Amino acid sequence: MDGDNQTVLSEFVLLGLSNSKNLQVLLFLIFLLLYLLIMSGNIIIQILITTDPHLHSPMYFLLANLSFVDMWLSSNTTPKMIIDFLSENKTISFAGCMSQVFLSHCIAGGEMVLLVVMAYDRYVAICKPLHYFTIMNLKRCTGLVLTSWTIGFIHGISYFLVVVQLPFCGPNKIDSFFCDMPLVIKLACMDSHDLNTLMNAECGVVAVTCFMLLLFSYTYILITVRQTSKDGASKALSTCTAHITVVMIFFLPCMFIYVWPLSITWLDKFLAVFYSVFTPLLNPAIYTLRNKEMKNAMKRFIGKFLCPKGNS
């Protein structure tokens, strides 16, 4: 390929979710509301965990970090999608597109590892309760969170360094609402089949490894829970059920987008929306609605800060 033809593209066109003007206005209102719920829900979780002494434990420290990651996961793509619903010029700069490629894999990789860390936390709490606070001390929890971010960064930068060097000189239309890595690779002026397969395989190694670790961890935990007292088993089962639900919601779309791509455009868009919008929205709902301690913390927060007279 001639070097002069490899730097022609300075921007990409995002085709989005729909071409209908009326539908785009409706989608704008829906996704704006969902994004505000995502941000407010996850911020509330972080505030509760930070301000309530009853929640100053390893599990909630990790949950606060998950909420922080979910905010970034959604903010990487959702604001641009919302703006584009009312925009005639649905373009994204080359730098912006490469940033989305990097951040989407960096954040997703970090969240996968963080979910494994949360499973390890539940394993220690249920299987080694007497040593829980010794093993899951603040130093170790902080180290595990930093490890998740480091692995996520390595995962994201490896994709970024490959994609940013590809020769883009022809088509620039991406049939999605963000710069999804497989769709960006298809626009390169080269035979991208082998590269796409390699990238999916690399993503598959990370996703499947984390998913298998989670599967084995929660299977072992549930077996252990059956052998404990009824009261302890009930509480542990409730917590683990919430964790398992979050794991399934996060991993299933990832699997079908990157590990076993179905190449069905409307389904790929649906999975991408579910992954980047509904996963960060459902996580805080699952953890607060199913968690008695979080609900009690919310009541204490409302009583202390919003209704101080009624609390006195």
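Is cysteine 203 buried or exposed, and what is its relative accessible area? Cysteine 203 is buried, with a relative accessible area of 4%, where buried means under 20% relative accessible area, exposed over 50% and partly exposed in between, computed with a 1.4 Å probe and protein chains only. The close-up views below come from a predicted model, in which local features need pLDDT of at least 70 and side-chain atom pairs count only at pLDDT 80 or more, whereas totals for chains, interfaces and linings use all residues. Residues are numbered from 1 along each chain as its sequence is written, and side-chain values use heavy atoms, with hydrogens and water left out.

**View 1. The disulfide between cysteine 97 and cysteine 179.** The structure holds 2 disulfides, a disulfide being a pair of cysteine sulfur atoms within 2.5 Å. In this one the sulfur atoms of cysteine 97 and cysteine 179 are 2.1 Å apart, and the torsion about the S-S bond is about -125°, so the disulfide is left-handed. The pair links distant parts of the chain, 82 residues apart, with cysteine 97 in helix H4 (residues 94-127) and cysteine 179 in the loop between strand S3 (173-174) and helix H7 (181-186); helices (H or I, at least four residues) and strands (E, at least two) are DSSP runs, numbered from the N terminus. Both cysteine 97 and cysteine 179 are buried.

**View 2. The disulfide between cysteine 169 and cysteine 189.** The S to S distance here is 2.0 Å. Cysteine 169 lies in the loop between helix H6 (138-163) and S3, and cysteine 189 in the loop between H7 and helix H8 (193-226), so that this pair, 20 residues apart, also links distant parts of the chain. Cysteine 169 counts as partly exposed at 24% relative accessibility, while cysteine 189, at 19%, counts as buried. When the bonded cysteines of the protein are numbered in sequence order, the pairing is 1-3, 2-4.

**View 3. The salt bridge between glutamate 88 and lysine 21.** Among the 5 salt bridges of the structure, each a side-chain nitrogen of Lys or Arg within 4 Å of a carboxyl oxygen of Asp or Glu, this one has an N to O distance of 2.9 Å. Glutamate 88 lies in the loop between helix H3 (78-85) and strand S2 (91-93) and lysine 21 in helix H1, so the pair ties together parts that are 67 residues apart in sequence. Glutamate 88 counts as exposed at 69% relative accessibility, and lysine 21 as partly exposed at 48%.

**View 4. Salt bridges of aspartate 84 with lysine 80 and of arginine 122 with aspartate 121.** Aspartate 84 and lysine 80 meet at 3.2 Å, N to O, and both lie in helix H3, 4 residues apart, about one turn of the helix. Aspartate 84 is buried, with a relative accessible area of 6%. The side chains of arginine 122 and aspartate 121 meet at 2.9 Å, N to O, and both of these residues are buried.

**View 5. The side chain of serine 276 and the backbone oxygen of alanine 272.** Serine 276, found in helix H10 (residues 265-289), counts as buried at 4% relative accessibility. Its side chain reaches the backbone oxygen of alanine 272 at 2.8 Å.

How values were computed. Polar contact = N/O pair within 3.5 Å; in protein donor to acceptor, adjacent residues only side chain to side chain.
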